[in-house]
Amino acid sequence: MRIYINEAKNHVGKTVEIAGWLYNKRSSGKLHFLILRDGTGLMQAVVSKMDVSEDAFNISAELTQECSLIVTGKVSEEPRSPGGYELHVTDVKLIGKAEDYPITPKEHGTEFLLDRRHLWLRSRRQHAILRIRAETAAAMRDYLNSRGFVNLDTPIFTPNACEGTSDLFETEYFGSPAYLAQSGQLYNEAAIMSFGKVYCFGPTFRAEKSKTRRHLTEFWMLEPEIAWLDHDGNMDLMEDFIVEVVARVLDTRAEELKVLERDTSVLEKVQKPFPRITYDDAAKILKEKGMDFVYGSDFGGTDETVIGEHSDRPVMIHKWPADIKAFYMKRDPEDYSKALAVDMIAPEGHGEIIGGSQREDDLEEIEKRLDEHNLPRKYFEWYLDLRRYGSVPHSGFGLGLERTVGWICGTKHIRETILFPRMMHRLEP
Ligand code: 4AD
Ligand code: MG
């Protein structure tokens with residue numbers, strides 16, 4: 001009977017077959033200790049000269065790292081074996097050879113590994129990170145689905161910018177320019193007028209020329225949008241959302257977090273309430289800490305790290321100078337120079353993971369904003385219709401999946417949190 005490694009506990013004392021790859025091997029005279037991996041876990045298989053045919057023993061002697069194989073044997077409990085179970089082998093079949101596998105247990109440089117990303121994925125650390133990514137994405141969907149949000153998918157080809165024109169990827173669309181989506185938000189705003197609460201979750205594109213550890217040119221964004229929700233309600237939602245998602249990953253992916261040697265005590269502190277400080281407060285903190293920061297500008301990566309430093313949980317910075325934020329954000333009724341925008345900064349220097357705002361719902365105001373941002377009115381007529389026909393107060397946010405996973409996993413660079421990272425200098429493999 002063929003089983004997966006993570007099912008071994010149900011088959012103690014039985015003879016089973018496991019199909020996988022050779023992760024590692026030790027040999028001593030009449031014994032070979034094979035460490036198998038099959039995507040669900042690692043397991044030690046012991047090949048003893050006494051228990052297998054001469055052929056099978058010789059095959060075991062020749063097996064090399066990453067060859068694929070099918071092993072038959074009896075399952076037993078073995079606390080010293082990875083996963084707690086061991087296989088006493090009766091037969092070994094080599095399926096696919098792997099000669100001179102380039103990634104060995106020794107240290108390799110990052111560029112070397114990125115060039116071999118298709119193989120690097122098999123390593124334990126990368127496997128753990130991507131499992132956590134999948135769990136994080138599932139937890140986010142479950143949170144929203146269970147609260148009546150409708151998942152709708154917004155287009156990738158767009159005729160105009162959403163988040164500013166400086167980092168658009170342009171392509172040709174039957175003789176006219178088109179741009180890869182920077183965000184699905186504007187389409188979500190149309191959808192909520194039909195569905196009330198929606199979200200989109202998909203790849204977004206930014207021609208980021210920054211080579212920082214927080215920037216990809218293609219990344220996944222989860223964007224909830226909610227009718228009848230104001231700025232404070234938006235902050236309540238993102239806070240509750242993050243608390244639940246982090247708790248779920250801690251609960252279900254403990255094994256992977258251990259592989260990553262992640263200090264989970266810092267994630268356990270992610271509890272409500274998160275500090276909510278205004279942009280002005282954040283600017284004061286930077287001044288006190290002697291940072292070289294100009295009031296009215298956006299925070300840089302180091303600024304975010306410094307602001308996040310004094311808190312053991314994410315920090316929400318809100319009420320931003322309106323002129324450095326997107327055209328669609330609503331002005332603060334208490335201070336017209338500010339926008340009802342909020343960024344959530346992750347602790348431990350992981351930077352901004354969420355950007356959101358209450359949206360401008362007044363037709364005249366939003367028309368003014370389009371002009372101020374030099375955005376061609378003709379591409380936004382449909383968007384203005386949303387303010388012409390039954391406009392409502394509404395809010396939403398966008399969460400960067402890779403930055404969130406990078407924080408949960410404690411990775412130095414977000415390039416490890418996506419299957420095949422796309423960055424300014426990397427389009428391959
Ligand atoms: O703050 P941003 O630009 O917000 C928006 O796009 C809004 N339209 C979202 C909304 O309100 N529906 O981007 C949102 C998040 C950031 O906080 C960050 O986590 C991530 O997207 N992000 C990136 N992640 C990786 N690489 C990049 N180049 C990123 N740019 C933004
Ligand atoms: Mg932002």
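Me: Which helix gives the most to the lining of the largest cavity?

Reply: This is a predicted model. The largest cavity has a volume of about 80 Å³. Its lining includes Gln 185, Leu 186 and Tyr 187. With three residues, the top contributor to that lining is helix H5 (residues 185-195).

Me: How many charged residues are in the lining of the largest cavity?

Reply: Among the lining residues are Thr 158, Asn 160, Cys 162 and Trp 382. By class, six are nonpolar and six are polar.

Me: What volume does the second largest cavity have, and how many charged residues line it?

Reply: The search of the whole structure finds two cavities of 30 Å³ or more. By class, its lining has two nonpolar, four polar and four charged residues. Its volume is about 60 Å³, and the charged count is four.

Me: Where does ligand 1 sit?

Reply: Consider the open spaces now. The largest pocket holds about 1,100 Å³ of space. Of its 44 lining residues, Glu 163, Arg 206, Asp 298, Lys 325 and Glu 352 are closest to the centre. Ligand 1 sits in this largest pocket.

Me: Which element gives the largest share of the shell around ligand 1?

Reply: The shell has 24 residues, and Glu 163, Gln 185, Arg 206, Glu 223 and Glu 352 come nearest to the ligand. By class, the shell divides into eight nonpolar, eight polar and eight charged residues. Five shell residues come from one element, the largest share, and that element is S16.

Me: Which residue has a polar side-chain atom 2.7 Å from a nitrogen atom of ligand 1?

Reply: Take the oxygen atoms of the ligand to begin with. An N or O atom in the side chain of Arg 359 is 2.9 Å from one oxygen atom of ligand 1. A backbone N or O atom of Gly 400 lies 3.2 Å from an oxygen atom of the ligand. For the nitrogen atom, at 2.7 Å, the residue is Glu 223.

Me: How much of the accessible area of ligand 1 does the protein cover?

Reply: Gly 400 makes its approach through a backbone N or O atom, 3.2 Å from a ligand oxygen. On its own, ligand 1 has 630 Å² of accessible area. The share that the protein covers is 94%.

Notes: Residues are numbered from 1 along each chain as its sequence is written. Chains are lettered from A and ligands numbered from 1 in the order in which they are written. This is a predicted model: local features need pLDDT of at least 70, side-chain atom pairs count only at pLDDT 80 or more; totals for chains, interfaces and linings use all residues. Side-chain values use heavy atoms; hydrogens and water are left out. A residue is near a molecule or strand if one of its heavy atoms lies within 4 Å of it. A polar contact is a pair of N or O atoms within 3.5 Å; within protein, one must be able to donate a hydrogen and the other to accept it, and residues adjacent in sequence count only if both atoms are side-chain atoms. Accessible areas come from the Shrake-Rupley method with a 1.4 Å probe; for residues, only the protein chains shown count as cover. On a 1 Å grid over the protein atoms alone, a cavity is a set of points where a 1.4 Å probe fits but cannot get out, and a pocket is an open set with protein on both sides within 12 Å along at least five of seven lines; lining residues have an atom within 4 Å of a point. A molecule sits in a cavity or pocket if more than half of its atoms lie within 2 Å of its grid points. Helices (H or I, at least four residues) and strands (E, at least two) are DSSP runs, numbered from the N terminus. Ala, Val, Leu, Ile, Met, Phe, Trp, Tyr, Cys and Pro count as nonpolar, Asp, Glu, Lys and Arg as charged, and the others, Gly among them, as polar. Grid points are joined across faces, edges and corners, and a volume is the space filled by probe spheres set on the points.
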